[in-house]
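Me: I would like to learn how to read a few features of a protein model. Can we take them one at a time?

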Amino acid sequence: MAKKVLIIGWDCAPPDWVFDKWIDNLPTLKSLLKKGLYGNLRSTIPPITVPAWQCMLTSKDPGQLGVYGFRNRKDYSYDGQYFSNGADILEPAVWDILGKNNKKSILVGVPQTYPPREINGHMVTCFLTPSIKSQYTYPNELRDEIEKNIGEYIPDVKHFRTEDRDFILKQIYEATKTRFQTFRHLLKNKEWDFAMIVEMGTDRIHHSFWKFLDPSHPKYEKGNKYENVIPEYYKYLDNELAETLKLVDLNETSVMVVSDHGAKAMVGGICINEWLIKEGLLTLKEYPKTFTPIEKLQIDWAKTKVWGSGGYYARIFLNVQGREPNGQIPANEYKKFRAELKEKIENIKDEQGRKLATIAYIPEETYKDVKRIPPDLIVIFDELRWRSVGSVGINSAYTYENDTGPDDANHAQEGMYLLYNPKHILSGKRNDKQHLMDIAPTVLDLLDVNIPSDMQGKSLVEKNLVTQ
Ligand SMILES: [Zn+2]
């Protein structure tokens, strides 16, 4: 029988909770783990869904993909930003390479696969699908088959940043249920060598419920009514995993459970633009009366050298002569200016004056290549305990509320992986040293397909951690 590879993706699943705290309540995962290899999977800089999954599946870094997060600059104008989707991915993903080797794939919900592309196999697009009125499958007729056999497919929870927690929870379960039903329908009815599903509900539930779970969160209250919501959802996912494994022959199928990054409590936010104003690097035409996103404010560009943007990490932009429309930093001083700014940002302290473990990354030094337009600096505050907040209007560089709606979790640099390989029963060895870019070459190796030499990761087979 031909070999197969099955990947179950749990977006944002944190290894320190899944493996260390919840594993006894996840019997299916535990049984795979006992025979497999597992551990932390280091994510990309930045550790964000877009582009992390595509880095995993192309084995290229964000610079090589030219995708630095959800929002990217399309040009050097001040407001030229766009949301990245699958159309930006020009590097071949693992299913493209498999297709060339006559191997068939099934993909359901893999981030940044919207809009759908032709593959050798079947695809249901990801959470970036605007609605199921758009083409969300390949081939297009697959939509009718899903609607007839499963019902309405739900690409993502619609409004996950709301205070109505019960409403979010109901939506998460509905979306997860239909996603796994769809995946199993394809596993049963289509030919495949490689099959992969990514569930976003894990990410959504962390962002909505983390403060109810994690005692290290500043807003955690012991015994609150939502305390077990996240572990119970993982139990539900473990059952979906069990139902899915019933459809595969575990004597011939390698199974991976992976995430693109982890999760941790959010301590607070650094208001990066407030800080830049105080440093004299950013000038507004008028300071707002309420907390207002920077994109909605009038910046006095003739008096501005730097501006920034919010999110799990800060994107820092320099206003450079000859590059931006009203540039203020002479082009020949760019590198020196940026190096000094990097140092200043890395020295931002918390409100009590304690040092934070912040790193401001220089794109050209971080990535193998730098395609499209990267931010000038990519800042990760205090190992992601703090996030970057872009809004202005509170006269302080610190906030303890998120500016884009309730959000209790930050991402963590380490995601998780588990590999069960029928040829090589490993009795549950933990190895935390693997990188997300190792996944694509591992899949190819397990399916006896040559690994392109420009893939950055190393196959776990090649590293002698498993046998092909
Ligand atoms: Zn993610």
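Me: In which sense do strand E11 and E16 pair, and over how many bridges?
Reply: This is a predicted model. Strand E11 (residues 268-271) runs parallel to E16, and 4 bridges join the pair. One of the residues involved is Cys-271, whose bridge partner in E16 is Val-389.

Me: What is the strand order in the open sheet?
Reply: The order is E16-E11-E17, 3 strands with mixed pairing. Strand E16 (386-389) and strand E17 (398-399) are at the edges with a single partner strand each, so one side of each has no neighbour in the sheet.

Me: Which residues coordinate the zinc ion?
Reply: The zinc ion is held by Asp-11 (OD), Asp-11 (OD), Thr-49 (OG1), Asp-260 (OD) and His-261 (NE2), at 2.0 to 2.6 Å. The spacing of these donor residues is D-x37-T-x210-D-H. Thr-49 belongs to helix H3 (residues 49-58) and His-261 to the loop between strands E9 (253-258) and E10 (262-265), so this pair ties together parts 212 residues apart in sequence.

Me: Is Thr-49 buried or exposed?
Reply: Buried means under 20% relative accessible area. Thr-49 is buried at 3%, and His-261 is buried at 0%.

Me: Where is Glu-240, and what is it in contact with?
Reply: Glu-240 sits in helix H9 (residues 229-245). Its relative accessibility is 5%, so Glu-240 counts as buried. Its side chain makes a polar contact of 2.6 Å with that of Tyr-236. Leaving aside neighbours within four places in sequence, Glu-240 contacts Lys-177, Phe-180 and Arg-184.

Key. Residues are numbered from 1 along each chain as its sequence is written. This is a predicted model: local features need pLDDT of at least 70, side-chain atom pairs count only at pLDDT 80 or more; totals for chains, interfaces and linings use all residues. Side-chain values use heavy atoms; hydrogens and water are left out. Helices (H or I, at least four residues) and strands (E, at least two) are DSSP runs, numbered from the N terminus. Buried means under 20% relative accessible area, exposed over 50%, partly exposed in between (1.4 Å probe, protein chains only). A polar contact is a pair of N or O atoms within 3.5 Å; within protein, one must be able to donate a hydrogen and the other to accept it, and residues adjacent in sequence count only if both atoms are side-chain atoms. Contact means heavy atoms within 4.5 Å. Donors are N, O and S atoms within 2.8 Å of the metal (3.2 Å for Na, K and Ca); water is not among the atoms, so sites may look incomplete. Two strands pair if DSSP finds at least two bridges between them.
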